[in-house]
Amino acid sequence: MLTLLRTVAWIACVVYSTIPAFWLLIHPRAEFWRSRRRSPYRILLPIWIAMWATVGAITAPWRGLALYENSWTWIPAASLFCAGLILYKLSHSDFSLSQLSGLPEIRHTHSHQRLVTTGIRARVRHPVYLGHLCEMLAWSVGAGLAACWALTAFAIMTGAVMIHQEDVELETRFGEEYRQYRSRVPAVLPRIRI
């Protein structure tokens, strides 16, 4: 059972670690993708799957290397996993699934969007990315695999670039309204009030 959980953890971390790179493939070039007559996902999804295969091939030799082995680590991992699922659910409020997947940014039928600053977005600007982080940490903490921790570190680094780029994009789109929102609300980690 532990071997199966570790394999699932490694695969989950491979997929999650490529999300920022996938995003960076789309959003800085949104105008290009919007100009395509056919769905950009005909090109983008195979590229993303190729990213999974590449990252999987790179980390496969170390996927069995455990930094620690303790079945108790699955308890905090379960808490992080549940926190991630709750964040995904809360992120869906006031956002359609197509918005969460980034479809409006790449479709040439891009319609006007409004800046959502209520609900979970009143606490963090990028709750989906916080959900991704919780999920990756859950698998890394539980499995204790070096490959999972390395992929989590990679996702944090590329995620920081992604968040910066998205903040620039949102500021361009929403102007002063977004600048004020950004000054009030942290990007990913909510402020703890005591």
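A: Asp167 is buried, and Arg125 is buried too; buried means under 20% relative accessible area, exposed over 50%, and partly exposed in between, with a 1.4 Å probe and protein chains only. This is a predicted model, in which local features need pLDDT of at least 70 and side-chain atom pairs count only at pLDDT 80 or more, while totals for chains, interfaces and linings use all residues. Residues are numbered from 1 along each chain as its sequence is written, and side-chain values use heavy atoms, with hydrogens and water left out.

Q: What does Asp167 form with Arg125?

A: Asp167 and Arg125 form a salt bridge, with 2.9 Å between the closest N and O atoms. The term means a side-chain nitrogen of Lys or Arg within 4 Å of a carboxyl oxygen of Asp or Glu.

Q: Where in the chain are Asp167 and Arg125?

A: Asp167 is in helix H9, and Arg125 is in the loop between helix H7 (103–106) and H8. The pair links distant parts of the chain, 42 residues apart. Helices here are DSSP runs (H or I, at least four residues), numbered from the N terminus.

Q: How many salt bridges does the structure hold?

A: Six. One of them joins Glu176 and Arg179, whose closest N and O atoms are 3.1 Å apart.

Q: How many residues apart are Glu176 and Arg179 in helix H10?

A: Three, so about one helical turn separates Glu176 and Arg179 in helix H10 (residues 176–184). Salt bridges with shared partners join Glu171, Glu176, Arg179 and Arg182 into one network. Within it, Arg179 also pairs with Glu171, the closest N and O atoms being 3.0 Å apart.

Q: How exposed is Arg179?

A: Arg179 is partly exposed, at 33% relative accessible area. Glu171 counts as partly exposed at 22%, and so does Glu176 at 43%.

Q: New topic. Which residues have the most contacts inside the largest nonpolar core?

A: Trp10, Phe22 and Leu151, in a core of 25 residues. A nonpolar core is a set of buried Ala, Val, Leu, Ile, Met, Phe, Trp, Tyr and Cys residues joined through side-chain atoms within 4.5 Å.

Q: Which helix gives the largest share of this core?

A: H1, with six residues.

Q: And what is Leu151 in contact with?

A: Apart from neighbours within four places in sequence, Leu151 is in contact (heavy atoms within 4.5 Å) with Trp10, Cys13, Val14, Ser17, Val55, Thr59 and Met136.

Methods
Helices (H or I, at least four residues) and strands (E, at least two) are DSSP runs, numbered from the N terminus.
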